[in-house]
Amino acid sequence: MPLLEIDDLYTNIRLKKGEVKAVGGVSISVNAGETVGLVGESGCGKTMTGMSIMRLLPAAGYIASGRVLLDGRDLVKLSEEEMRAVRGNDIGMIFQDPMTSLNPCLTIGSQIAESVALHKKVNKAKAMERAIEVLELVGMPKPKERINDYPHQLSGGLRQRVMIAMALSCEPKLLIADEPTTALDVTIQAQILELLDSLKEKLGMAMLLITHDMGVIAGRADRVVVMYAGKVVEQAPTEKIFASTNHPYTEALLASIPKMDGSVARLYSIPGIPPDLSNPPTGCRFAERCRLASDQCRTSEPQLTSNDQDHSFACFHPVGIEANHVKVAIKVEAEEIARIEHADRKPLMVLDHVSKEFEITKGAILQRKAGTLKAVTDLSLTIYDGETIGIVGESGCGKSTTGSMMVALERPTGGKILFNGEDLFGHKPKELRSVRSNLQLMFQDPYASLDPRMRVGSIIREPLDINKIGTPQEREKKVISLLSEVGLSAKAVERYPHEFSGGQRQRIGLARALALNPKLIVADEPVSALDVSIRSQVLNLMKDLQRTHGLTYVVISHDLSVVRFLADRIGVMYLGKLVEIGTGYDIYENPAHPYTAALLSAVPEPEPEREKTKIRKVIQGELPSAINPPSGCRFRTRCERATDLCAQQEPPMTSFGVLHQAACHFPLISNVEIRSGAATN
Amino acid sequence: MIAFLVKRVGQSVVVLIGVSIIAFILEHLLPGGPAKAILGGRASPFQIAAFNHANGLDKPLWQQYGIYVWHLLHGNLGRSYKLNQTVNSVLANDLPKSILLVGSALVLSLLIAIPIGVFQAVRRNGIFDYAATSVSFLLYSMPSFWLGIILILAFAVNLHLFPAEAPQGQSIGSIISDPRAMFLPVITLTLVSYASFTRYMRSSAIEALAQDWIRTAKAKGLSQRVILFKHMLRNALIPIATLVGLSLPSLITAGIVTESVFNFPGTGFRFINAASTEDYPLLLGIIILIGVLTVVGNLLADITYAVLDPRVRYR
């Protein structure tokens, strides 16, 4: 008998008019000690399924029918009081955002001890002891001293450890982890996933891992359940679902993820958006967006069937093995071409030993200088006309500050930025405005970066108005043509941002950035707020626009696969320093800097074979403070290869290839003589 | 924290100096002058000149202000023209009565507003929530003198349950000994401040209940009671504590209208009288007291904020 058996579960959410059928007949089982991955895009019902198990639905939500059996006991039928004894005791739960999931007014110790005291019926002192014990278990350094800390005193990674400690304090049989690492940096994500895996072994519990990230699933789950629009569309053991995908949605989902090996030049994107679940379509819910859909799919609903015992799917026209995984190896070749072409390109922007420091002041009346936060230190980089530069690094590495300086929003405190050969900050304020029109920014959050009270037409027209370009009629025309370029209809002009989906809004943002015909667009996390299928649409669009407009991109992202897909050259930053730069091939296949290699190994890839055999070099510890960065090489505190030399002397940038440079005393590959005749930075 | 306190106290002194200067100037801009008000309309120019000279009113304004501040630094607020007592002794007599009146209304309104606000938040958009919202908006939109008069009409004139007038005793003891007469003024003030407190409490609780950590607390299996009173309330009370701190000057100002309606012998009532008789020293004394309470209230609000919210640490 499985530990958890969800049997034909229906969960609805009441609206003012009608109901959203969030979960529509889901059956999932989880065996003891097993990890089941539940994947799907936002709104597919995966979180609602998890919440239904715990019976923690929002006030308007309710379980309409179905059973949730835990050890044979139906949780749906339990009274609220009986259910409370299950929560936190038999089932533990971890949530996505560790920054907001802990009570800011209570110490972490009391928050962990609270559930121990409740379920294990022990006194406060005993519960506190147990809290220290579990904090030790989840790898919290010095748990005895940390127990009286408040959540805000801990970093994101440590807070997530506290969340895990809290969920595991009563040794539950089942752990539901809802996007446990989505809000964390890749190196911290790797630490947390590793921890969850080892704890699962140690405590012999089962885990339901809810995530949108196919990479996380590939390496950690025994079995995968794919959900779409409130229904399970496919489920199988992890290897099978990746190797012999049967449902077109699963196939499309996998095809729309950029690959780390750069093997895809153009991403598959699923047309359209998921259906409205307050009025779900009859027949297959994916039919509208499916490339194989027939009339049968639109009229009758496919049931979950299995072709072998442990692989089932709900589709009339399953995709075959041969149709799947058509990899195009153009990208690698293209990089070779870029390498050759590079010599002919002329520099568009030169960052010459650029630094940015923020002063931190202290004291009540006299604002004494308490220190400087070194956001970016001595960064040199040449951006060539028409290329795409990717900048990757963890949060706090200075990549966004670098982007702000490139578009003249932040003034460097040291060094110079040359744009078209002229000093960007040497201009008079009036001249700077005209220079600025060549430098545009594409924002991360499509919800916050558009004024909700302005019509889309005015939003896109505003840059033209400010710079007094053309007559009003010409401006109107320009707006319409920009909209059609980003794939939106002219009707959008009259509408407001809230009427559009996230992907559409990001297109509006892109249209606004293009309005002034800029030379350079800095895209700061352009797709990280979007779902996988929407993400690929925007990424493809960015590539197309680059070709038609001759744009130069600087793509800033924590997502290494996105950068790999878009960029010709990639720079890796760590704690304000550029540690390595090179082509996608150089960085991903042949990294020289130990940090680059560690960062890459931390990224979970949607390839189970590779994930399971991967020798993980999880970087230990957290990012040091940028106020007092380590002497010498800044990465040395977390580096395996570090010696005394690294502490004493800062490693200079050395060449490893035509476009490949890294700053390390003990690089992973040997540096080569620069071939004569080839251009360098 | 200590550096922060020193800085804030320094700022407060500057604010108080500003308040006293403005009040001093405004007061002297009042037409007529105190001599006529005190001596009556038929006073001769000679009498007026003698009064002005005796009270130092014939000196240049800046000198008068200098003398006033000098006395103030010695804790001397001057002497009331009209009452023939020192301002210190007038305030010492009246202030406790006002504190009793407004303070008990404040405590009472919080005791009612917090649970009702929380309950409204938990059962929001239900019948009780709508009813309570209507009541608080009704009270909120009503001027306190109007509410006071209606209560007098209902409970004193028609039902004869409570006296229409507040207790008239001069000492605080005599006022406490007549709780029935205190009822209507206290209730009037309670209802007025309840209306705003309950609105703040409701929205603050709704905000807290929507936080992710409430979901975490539920996932631990905690009961609704523990979630509400241990997890939610502590967070939701932070803005309320600030609000209470800021309402400290209302110990006098809230009474200005209500004390007049009920003829309550408190500081607010005294303030009105002092203004109409141009009793400069008394008027100034009360204004400075209001200023002190405002400054102290702000400071207290900041301190409670830091005590309740561990994320706030003043530098």
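User: What ground rules apply before we start?

Analyst: The model is predicted, so local features need pLDDT of at least 70 and side-chain atom pairs pLDDT 80 or more, while totals for chains, interfaces and linings use all residues. Residues count from 1 along each chain as its sequence is written, chains are lettered from A and ligands numbered from 1 in the order written, and side-chain values use heavy atoms, without hydrogens and water.

User: Why is A:V224 called buried?

Analyst: Buried means under 20% relative accessible area, exposed over 50%, and partly exposed in between (1.4 Å probe, protein chains only). A:V224 has 1%, so it is buried. It lies in strand β9 (residues 223-228) of chain A, and its contacts (heavy atoms within 4.5 Å) include A:G37, A:V39 and A:I241.

User: What makes the pair A:Y574 and A:Y595 tilted?

Analyst: Rings of Phe, Tyr and Trp (its six-membered ring) pair if their centres lie within 6.5 Å; planes under 30 degrees apart are stacked, over 60 edge-to-face, and the rest tilted. Here the centres are 4.6 Å apart and the planes at 55°, so the pair is tilted. A:Y574 sits in strand β21 and A:Y595 in helix α21 of chain A, 21 residues apart.

User: What makes β1 and β2 of chain A a strand pair?

Analyst: Strands (DSSP runs of E, at least two residues; helices are H or I, at least four; both numbered from the N terminus) pair if DSSP finds at least two bridges between them. β1 (residues 4-14) and β2 of chain A are joined by 9 bridges and run antiparallel, with A:I13 opposite A:V20. They belong to an open sheet of 4 strands, ordered β2-β1-β4-β5.

User: Where is the predictor's confidence below 50?

Analyst: pLDDT is that confidence for each residue, from 0 to 100. Chain A averages 87, with 93% of its residues at 70 or more. It is below 50 over residues 321-332 and 674-681 of chain A. Where pLDDT is low, the predicted coordinates should not be read in detail.

Definitions and conventions: Lists of a residue's contacts leave out its neighbours within four places in sequence.
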